[in-house]
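Please look through the sequence and the model shown here before reading on.

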Amino acid sequence: MYFIVGLGNPGLQYENTRHNAGFLTIDYIASKYNIDVRRSKFKSLYGQGEISGQKVMLIKPQTFMNNSGEAVREIKNFYKFDSDKLIVIYDDIDIEFGTIRIRKKGSAGTHNGMKSIIYQIQDDNFPRIKIAVGKKPEYMNLANFVLSGFSQKEVSVIEDEIRLASDAIETILADSIDKSMNKFNSIKLLEEDNE
């Protein structure tokens with residue numbers, strides 16, 4: 001079984017914010033594959049189903065972003081799975097808007113949810129999918145930016161990124177992470193401005 005974790009903050013006030021790109025992706029995948037993500041355990045909401053012939057658990061930690069690792073640790077301790085069966089989806093402010101990035105492993109960068117997971121499970125050898133959520137304007141601090149919503153223009157780009165992330169997961173499960181990285185890491189949804 002694969003354990004697919006989307007990061008975000010619980011609560012209506014955070015629902016469509018940049019920081020909840022992971023939750024939004026899980027919601028999209030859940031509806032696409034008819035997986036009910038409402039069971040409550042492991043400090044998470046979760047549901048089980050099948051994607052690309054593989055059993056999956058879709059997981060939305062309910063700990064708030066900065067403690068996401070507590071939920072992941074509880075699930076990992078219970079199911080005792082290898083780290084390569086964990087796929088984490090989260091927002092990224094450092095990659096170009098209109099792209100996603102798939103990585104096999106690596107550091108958390110500036111992302112507190114990822115820092116929490118790596119600290120709690122003492123491992124960074126797990127695949128992750130980063131969803132670009134735009135660049136922070138100079139005048140905003142980081143916390144306010146990631147907790148802000150998307151403009152109307154941005155919404156359609158985010159929706160396309162989420163679809164790409166879903167397709168990327170299907171490719172990982174059906175084929176391999178290498179194939180998924182080769183296929184999806186080079187896609188740019190926005191034409192570059194010729195300034």
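What follows describes an annotated set of residues and then one further residue in a strand.

The structure is a predicted model. According to the UniProt record, an unreviewed entry, the annotation "binding site" covers Tyr14, Phe64, Asn66 and Asn112. From this set, Tyr14, Phe64, Asn66 and Asn112 are taken into the lining of the largest pocket.

Tyrosine 14 is placed in the loop between β1 (2-6) and α1 (21-32), while phenylalanine 64 is found in the loop between β4 (54-61) and α2 (68-79). When neighbours within four places in sequence are left aside, tyrosine 14 is in contact with Asn9, Asn20, Phe64 and Leu147. With residues up to four places away likewise not counted, phenylalanine 64 touches Gly8, Asn9, Pro10 and Tyr14.

Isoleucine 59 belongs to strand β4, and its contacts, again not counting residues up to four places away in sequence, are Phe3, Ile4, Val5, Gly6, Ile26, Ser44, Leu45, Tyr46 and Ile75. The C-alpha atom of isoleucine 59 is separated by 23 Å from that of phenylalanine 150, a residue 91 residues apart from it along the chain.

The table gives the accessibility of two of these residues.

| Residue | Relative accessibility | Class |
|---|---|---|
| Phenylalanine 64 | 41% | partly exposed |
| Isoleucine 59 | 1% | buried |

Isoleucine 59 counts as buried because its relative accessibility is 1%, where buried means under 20%. Phenylalanine 64 counts as partly exposed because its relative accessibility is 41%, a class that lies between buried, under 20%, and exposed, over 50%.

Note on methods: Residues numbered from 1 in each chain as written. Predicted model: local features only at pLDDT ≥ 70, side-chain atom pairs only at ≥ 80, totals over all residues. Heavy atoms only, no water. UniProt positions renumbered as here; feature names shortened; annotations may be inferred. 1 Å grid on protein atoms, 1.4 Å probe; cavity = no way out; pocket = protein on both sides within 12 Å on 5 of 7 lines; lining within 4 Å. Helix = DSSP H or I, 4+ residues; strand = E, 2+ residues; numbered from the N terminus. Contact = heavy atoms within 4.5 Å. Buried < 20%, exposed > 50% of the residue type's maximum accessible area, 1.4 Å probe, protein only.
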